[in-house]
Amino acid sequence: MKLNEGWVPVALSSSIEAGTSAGAVVEGSEIVVWRDNSGNAHVWEDRCPHRGMRMSFGFVRGDHIACLYHGWQYDTAGQCRYVPAHPTLEVPQTIKVPTYLSKEKYGIIWTTADEESALPDAGTTGEITPVRSLYVDRAIGDVITAFEEAGMTALSEQAGKVLLGDDLLFIGFQATSDAKAAVHIVILGSPAIHAGAKQKHYAQWAEGLRFALEQAAVPVAEVA
Ligand code: FES
């Protein structure tokens with residue numbers, strides 16, 4: 001799914017701490033996912049308007065992110081507010097990083113350019129326990145099929161849930177290119193119960209699925 005077609009999961013919330021940034025790719029579009037020091041997540045095009053440096057290499061300072069190359073600083077709306085080489089300059093409004101909408105749900109950061117689309121609904125609003133993000137060298141359709149064969153029920157084009165024993169997992173799917181995908185996995189349940197051994201168990205379960213997919217020699221159902 002492309003950014004203008006609906007909400008795409010791009011990172012586990014727990015993987016983007018306050019004051020940090022990370023690069024990601026959605027169907028070939030490079031984005032930066034960053035969290036300001038107030039805890040709000042932002043998703044932008046990963047390109048500084050000055051000379052094109054990746055914003056994901058930049059530094060978060062309070063509610064601004066500064067480009068690594070020449071230090072231009074951008075506010076949470078993507079607007080450039082400060083140019084170190086010209087500290088008294090009133091920066092033109094036209095110097096702005098293109099931004100996407102972002103939301104957090106089920107312990108995952110989602111983004112879209114489509115204001116009308118809705119996030120998937122897993123039917124619960126309780127606590128979650130993050131498991132891991134997994135990067136797979138297979139097309140998104142193959143990845144979703146593998147998880148369905150392991151018992152997952154699709155909730156939308158980019159999400160599903162699966163009951164394994166007593167544990168309910170939520171899974172978000174991100175196409176990074178035509179041939180590669182990322183999978184973001186959480187347990188719909190409290191960390192007080194699931195942190196530790198359960199996280200490790202389901203991380204290994206997901207790695208087994210990835211191994212089967214990439215090797216394409218082991219039937220996926222055997223791994224599940
Ligand atoms: S390339 Fe970003 S400030 Fe120059």
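Modeller: Let's start with E27, whose relative accessible area of 26% makes it partly exposed.

Biologist: Happy to! What kind of model is this, and how are residues numbered?

Modeller: This is a predicted model, in which local features need pLDDT of at least 70, side-chain atom pairs count only at pLDDT 80 or more, and totals for chains, interfaces and linings use all residues. Residues are numbered from 1 along each chain as its sequence is written, and side-chain values use heavy atoms, with hydrogens and water left out.

Biologist: Why is E27 called partly exposed?

Modeller: Buried means under 20% relative accessible area and exposed means over 50%, with partly exposed in between (1.4 Å probe, protein chains only). E27 has 26%, so the label is partly exposed. E27 sits in the loop between β2 (21–26) and β3; strands here are DSSP runs (E, at least two residues; helices are H or I, at least four), numbered from the N terminus.

Biologist: Is Y106 buried or exposed, and how do you know?

Modeller: Its relative accessibility is 7%, so Y106 counts as buried.

Biologist: Why is the pair R54 and E30 called a salt bridge?

Modeller: The rule asks for a side-chain nitrogen of Lys or Arg within 4 Å of a carboxyl oxygen of Asp or Glu. For R54 and E30 the closest N and O atoms are 3.0 Å apart, so the pair meets the rule. R54 lies in the loop between β4 (41–45) and β5 (59–61) and E30 in strand β3 (residues 29–35), so the pair ties together parts that are 24 residues apart in sequence.

Biologist: How many salt bridges does the rule give?

Modeller: The count is 7. Among them, E104 and R35 meet at 2.8 Å, N to O. This pair links distant parts of the chain, with E104 in strand β9 (residues 99–105) and R35 in strand β3, 69 residues apart. At 38%, E104 counts as partly exposed, whereas R35 is buried at 8%. Another of them joins R81 and D75, also with 2.8 Å from N to O.

Biologist: What makes D75 buried?

Modeller: D75 has a relative accessible area of 12%, so it is buried. R81 has 46%, so it is partly exposed.

Biologist: How do you know that Q79 is buried, and which residues does it touch?

Modeller: Q79 has 5% relative accessibility, so it counts as buried. Its place is in the loop between β7 (73–74) and β8 (80–82). Contact means heavy atoms within 4.5 Å. Leaving aside residues up to four places away in sequence, Q79 touches Q73, Y74, P92, Q93, T94, I95 and K96. The Q79 side chain also reaches the backbone oxygen of I95 at 3.2 Å.

Terms used. A polar contact is a pair of N or O atoms within 3.5 Å; within protein, one must be able to donate a hydrogen and the other to accept it, and residues adjacent in sequence count only if both atoms are side-chain atoms.
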